[in-house]
Each structure stands twice: as structure tokens, then as C-alpha cells.
Amino acid sequence: MSNNLLAGKVGIISGALDEKSIAWKVAQRAYAQGARFVLTNAPLAMRMGEIKRLSEECNAPIIPADATSVEELEALFSGATAHLGGKLDFVLHSIGMSPNIRKKRDYGNLDYKFFQQTLDVSALSFHKMMHVAEKQDALNEYASIVALSYIAAQRVFPDYTDMSQAKAMLESIARNYGYRLGMQKKVRVNTISQSPTKTTAGTGVGGFDAFYDYAEKMSPLGNAPAEACADYCISLFSDLTRYVTMQNLMHDGGFSSMGVSEHMMNVLTEAAGAGA
Ligand SMILES: NC(=O)c1ccc[n+]([C@@H]2O[C@H](COP(=O)([O-])OP(=O)(O)OC[C@H]3O[C@@H](n4cnc5c(N)ncnc54)[C@H](O)[C@@H]3O)[C@@H](O)[C@H]2O)c1
């Protein structure tokens, strides 16, 4: 379905690793809606090569950048504005990684160097992107910047360990930079808090299948798929949401408003019966 919602708009999309990635779907949707953009990912991810397929499909060049490096982000933003022939209308931050989660360290046994890396890659990189965009005056008025978050920023999900703090920081950066860029150029900055989604980053979290099922059973609409998250991103990049800013927007099928669902009650009642 294309309504040309992004006709004439240009931007940067980070974080497309493979076709399961949320950013991959955002790129496909943005292209279908008439946008032109540059793709970016960490040089390491580039070696896996899958992103080249997306680049051809969307006619979008790739500019590699480690999002923790201000220098590489400077080259990304100047390269993108040069290639696209002007300032940007949208930026997607779809980046997350925790070495502690990768090494399966639990919350009482975190490696603090890893913890700092988690914060740097998953949260500070968002600040750095906006810092570079501001310094280069790379954004058009009413540009829209979106990052992806998770409800573990507000609630406890034990296996999410230090990523919970990274997401809390990410959402705070959205509010604070949202104020600054809003005052300067009417730029919008939001985070989308997405349902558990079966991607490389998602399934790397311990116990993922259990809390994917739990969220599915707790949400009246079920878990939001990556394609629907992409649609939500497109609506935020479009002119239809020009006064939405500094928000953490729940995209979770209703999960965040639930106490308990009948579905979950039935599961627990059956389990109690089986244990009796
Ligand atoms: N999958 C889920 O359940 C879920 C739920 C809510 C939010 N999110 C968030 O969505 C975003 C995208 O994740 P995804 O689920 O699509 O998984 P993904 O693994 O496909 O994407 C994560 C991306 O981060 C990139 N990345 C890691 N380190 C980087 C660095 N130093 N510089 C630049 N890029 C780097 C990876 O290469 C990868 O492309 C993340 O912020 C994630 O936390 C995911």
C-alpha cells in the first residue's frame, strides 16, 4: 500500500542487519512511500553482506558508521546530505547491543566495561547522532527523528539486564534533545516502545521465547510485528504527525496497559491444576 506519504523526503536509516531487522522493514516501507535515503550500519555488520540486497532493492547507498564514533557519524551525515542533495527530513536510530547479554551475564554479575559499551552503543549513539546533525545543520524544519525502545525501560524484565538502563537513557535523550531541536528547528524526536520481535538483537536476550509468548498472551491485539512497527515509523516521519514530539510511544498491542489477561489467567489456572 503506498500513499506517497514520504514523497520528496530524504533521510538516514540505521540498523538493517538482515531481513528480520525492524530497520529493514522501515527501509522497504519508506521506499514504497516515496522516500530517498541512505542506509548505515556498523562496519562489522556490513561484512555480513545482507544489507547490499536491501541497498539494491531500495536504490539506497550504504555509508558504514560505527554509531559510537562521532567522527564516523560526521562522515555519515555529511555523506548523506551530499548524496541526497540537501538536508534531512527523517532519521531512524535502530541500534542496540549489550555485550553482557551476549555473554549471558546476570544482573548481579555484570561486567562494567561491557555495561559502558551497552550504554554507548544503545543510547549515547542516539545523542551523538543528534549532536552531529545539529552541528552540521543537517536537518530540515519539522524533520522527524525516531529511535526504538522497549518497555524494560519502565518495568522489570530480569533477562534484559543492562539494556533496561540503556533504553531508559535512550528515552530520556529523546525528551531532552527533542526540546532542544524543537526550539531550534521544530524538529520532532520520539521513541517507539516496540513489542518483543524475533530479530537477531531480540532473540539474543535470554528467555526471549518465554517473554514473547507472555507478551502475546497479555496483549489484547497480540504482539506488534516488525512490519507494523515500520508503518508506525513511517507515520512519524510523515507530515501527519508534525506536533508529536518528546514522546515514548507504546507500540505493543496494548501490553503496557494490562494487569492480567483472561488468557494468562487460564494458563496459570491450568498450571496450578496440573501441579495439584
Ligand atoms: N527485537 C525486539 O524484541 C525489540 C523490541 C523493542 C525494541 N527493539 C530495538 O529495536 C532496535 C533494532 O533491533 P532489531 O530488533 O531490529 O535487531 P537487529 O539485530 O536486526 O538490529 C540491531 C542493529 O544494531 C546494529 N548495531 C550494533 N552495534 C552498532 C554500532 N556500534 N554502530 C551501528 N550499528 C550497530 C546492528 O548491526 C544491527 O543492525 C534496537 O534498538 C532494539 O533494542 C527490539
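Trainee: Is the crossing of α6 and α7 left-handed or right-handed?

Mentor: Happy to start there, and do keep in mind that this is a predicted model. Helix α6 covers residues 112-135 and helix α7 covers residues 161-185. Their crossing is right-handed.

Trainee: How are α6 and α7 oriented to each other, roughly parallel or roughly antiparallel?

Mentor: The two helices pack with their axes 8 Å apart, at an angle of about 15°. Angles under 35 degrees count as roughly parallel. Therefore α6 and α7 are roughly parallel.

Trainee: How many residues of the contact of α6 with α7 are nonpolar?

Mentor: Let's look at who takes part. From α6 the contact includes Phe115, Leu119 and Phe126, while α7 brings residues including Met169, Leu170 and Ile173. Four residues of the contact are polar and two are charged, and the nonpolar ones number 12.

Trainee: Which element gives the largest share of the shell around the ligand?

Mentor: There are 27 residues around the ligand, and among those that come nearest are Ala201 and Gly202. Elements giving two or more residues to this shell are α1 (22-32), β4 (139-149) and α8 (200-203). The largest share is three residues, and it comes from α8.

Trainee: Which element of the protein has the lowest mean pLDDT?

Mentor: Across the protein the mean pLDDT is 96, and 99% of the residues reach 70 or more. Strand β5 (residues 188-194) has the highest mean among the elements, 99. The lowest, 86, belongs to helix α2 (residues 43-46).

Definitions and conventions: Residues are numbered from 1 along each chain as its sequence is written. This is a predicted model: local features need pLDDT of at least 70, side-chain atom pairs count only at pLDDT 80 or more; totals for chains, interfaces and linings use all residues. Axes are lines fitted to C-alpha atoms, for helices over the stretch in contact, and angles run from 0 to 180 degrees between N-to-C directions. Helices (H or I, at least four residues) and strands (E, at least two) are DSSP runs, numbered from the N terminus. Angles under 35 degrees count as roughly parallel, over 145 as roughly antiparallel, 65 to 115 as roughly perpendicular and the rest as oblique. A crossing is left-handed if the near helix is turned anticlockwise from the far one by less than a right angle, and right-handed if clockwise. Two residues are in contact if their C-beta atoms, placed from the backbone, lie within 7 Å. Ala, Val, Leu, Ile, Met, Phe, Trp, Tyr, Cys and Pro count as nonpolar, Asp, Glu, Lys and Arg as charged, and the others, Gly among them, as polar. A residue is near a molecule or strand if its C-beta atom, placed from the backbone, lies within 6 Å of it. pLDDT is the predictor's confidence in each residue, from 0 to 100.
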